[in-house]
Amino acid sequence: MIMNKSRFIEELVKKTNLTKEECIILNDCIEENFIIGKKNKEKTINLLIERLNIDEEKANELYNISSSIMANAIKDKIKHPFKGND
């Protein structure tokens, strides 16, 4: 599966039970900060708390779900580098 922005947002909608608009905000917060690193994780979580009006626990959960989706997409690309290029 090729993971582009719209597919990533669709996957977020499925796994988080948020609306598409909320998932777009979640994606924007992730794009503003590099996903790797403890300080960047904290920045992203703080942005989620601010923009989605959620608590820290929920923001951390959303961050972990998004990280998992991205990690799986990267892992799939590594396993099958030419899949989708046909």
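Predicted model: local features only at pLDDT ≥ 70, side-chain atom pairs only at ≥ 80, totals over all residues.
Residues are numbered from 1 along each chain as its sequence is written, and side-chain values use heavy atoms, with hydrogens and water left out.

Student: Is Asn33 buried or exposed?
Tutor: Asn33 sits in the loop between α2 (20-32) and α3 (38-52), where helices are DSSP runs of H or I with at least four residues, strands are runs of E with at least two, and both are numbered from the N terminus. Buried means under 20% relative accessible area, exposed over 50%, and partly exposed in between, with a 1.4 Å probe and protein chains only. Because its relative accessible area is 13%, Asn33 is buried.

Student: With which side chain does the side chain of Asn33 make a polar contact?
Tutor: A polar contact is a pair of N or O atoms within 3.5 Å; within protein, one must be able to donate a hydrogen and the other to accept it, and residues adjacent in sequence count only if both atoms are side-chain atoms. Leaving aside neighbours within four places in sequence, Asn33 is in contact (heavy atoms within 4.5 Å) with Asn40, Lys43, Thr44 and Leu47. The polar contact, at 3.5 Å, is with the side chain of Thr44.

Student: How is α1 oriented relative to α2?
Tutor: Helix α1 (residues 5-16) and α2 pack at an angle of about 120°, with their axes 9 Å apart; axes are lines fitted to C-alpha atoms, for helices over the stretch in contact, and angles run from 0 to 180 degrees between N-to-C directions. Angles under 35 degrees count as roughly parallel, over 145 as roughly antiparallel, 65 to 115 as roughly perpendicular and the rest as oblique. The angle therefore makes α1, relative to α2, oblique.

Student: Is Ile25 buried, partly exposed or exposed?
Tutor: Ile25 is found in helix α2, and, not counting residues up to four places away in sequence, Ile25 touches Arg51 and Leu52. Since its relative accessible area is 28%, Ile25 is partly exposed.

Student: What is the phi of Asn17?
Tutor: Asn17 lies in the loop between α1 and α2, and with 71% relative accessibility Asn17 counts as exposed. Although Asn17 is not a glycine, its phi is positive, at about 60°.
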